[in-house]
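Reader: I'm new to this one and would like to learn how to read it. Could you take me through it feature by feature?

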Amino acid sequence: MKWLLALVAVVLASCSGDPQGLTVKQYHLRESMFREKNDLMARGEVQRLLHGAVTVEERLQKVGQYYHIIWNDDAFRGQEVEVVFEYLQASSGSRVKSFRTSGIAKKRFDAYFSVVGTDYQRNGRVLAWRVSFRHQGKEIASKKSYLWR
């Protein structure tokens with residue numbers, strides 16, 4: 001009987017995860033990373049983000065924060081969804097900035113957002129963020145950082 005309870009606990013624990021199927025991956029590209037050659041994985045990511053930047057000015061325009069949003073949900077397959085990425089930056093006070101993109105939902109929906117270039121240089125790093133998926137104006141999934149109000 002004890003082994004049955006243990007099996008049920010393991011199965012339930014393995015099924016637990018993000019109930020909305022929403023994942024946010026973050027990457028912060030700093031200028032000091034151009035010269036670091038220690039970690040091969042980090043160097044590969046830096047090279048991928050700097051692809052196409054030849055001059056020092058072009059490389060500096062790519063310094064900033066990158067976000068990859070992944071949403072897995074079959075319920076809205078084939079329907080139009082909108083992704084809203086809202087964020088607060090260090091020097092922009094309490095003003096909320098946002099990016100929006102939309103597309104047809106599949107089993108997996110990927111969206112990419114970046115705060116780079118002049119915006120990043122003037123207003124600093126992103127302190128808090130919130131991502132929400134909307135269908136016909138109604139929020140269907142959301143995730144926020146710890147510091148989001």
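Reader: Is Gln 136 buried or exposed?

Author: The general idea comes down to cut-offs: buried means under 20% relative accessible area, exposed over 50%, and partly exposed in between, using a 1.4 Å probe and protein chains only. Gln 136 has 74% relative accessibility, so it counts as exposed. Its phi is near 55 degrees, a positive value in a residue other than glycine. Gln 136 is found in the loop between β6 and β7 (138–144).

A word on the model: it is predicted, so local features need pLDDT of at least 70 and side-chain atom pairs count only at pLDDT 80 or more, while totals for chains, interfaces and linings use all residues. Residues are numbered from 1 along each chain as its sequence is written, and side-chain values use heavy atoms, with hydrogens and water left out.

Reader: How many helices and strands does the protein have?

Author: Helices (H or I, at least four residues) and strands (E, at least two) are DSSP runs, numbered from the N terminus. Here you get 4 helices and 7 strands. Read from the N terminus on, the order is α-β-α-α-β-β-β-β-α-β-β.

Reader: What share of the contacts joins residues 24 or more positions apart?

Author: A contact means heavy atoms within 4.5 Å. Take the contacts with a separation of 6 or more: residues 24 or more positions apart account for 68% of them. As for burial, 34% of the 149 residues are buried.

Reader: Which residues touch the most other members of the largest nonpolar core?

Author: In soluble globular proteins, nonpolar side chains tend to be buried together. A nonpolar core is a set of buried Ala, Val, Leu, Ile, Met, Phe, Trp, Tyr and Cys residues joined through side-chain atoms within 4.5 Å. The largest one here has 22 residues, and Tyr 67, Ile 69, Trp 71, Trp 129, Val 131 and Phe 133 touch the most other members. At least two residues of this core come from each of β1 (22–29), β2 (64–72), β3 (80–89), β5 (108–116) and β6 (126–135). Apart from it lies another core, of 5 residues, including Leu 29, Val 46, Leu 50 and Tyr 66.

Reader: What volume does the largest pocket have?

Author: Rolling a probe the size of a water molecule over the atoms shows where empty space is left. A pocket, on a 1 Å grid over the protein atoms alone, is an open set of points where a 1.4 Å probe fits, with protein on both sides within 12 Å along at least five of seven lines; lining residues have an atom within 4 Å of a point. Grid points are joined across faces, edges and corners, and the volume is the space filled by probe spheres set on the points. For the largest pocket that comes to about 190 Å³.

Reader: Which elements give two or more residues to its lining?

Author: They are β1, α2 (40–49), β2 and β5. Among the lining residues are Gln 26, Tyr 27, Arg 48, His 68 and Tyr 112.

Reader: Where does His 68 lie, and is it buried or exposed?

Author: His 68 lies in strand β2 and is buried, with a relative accessible area of 16%. His 68 and Tyr 27 are 41 residues apart in sequence and 8.6 Å apart in space, C-alpha to C-alpha.
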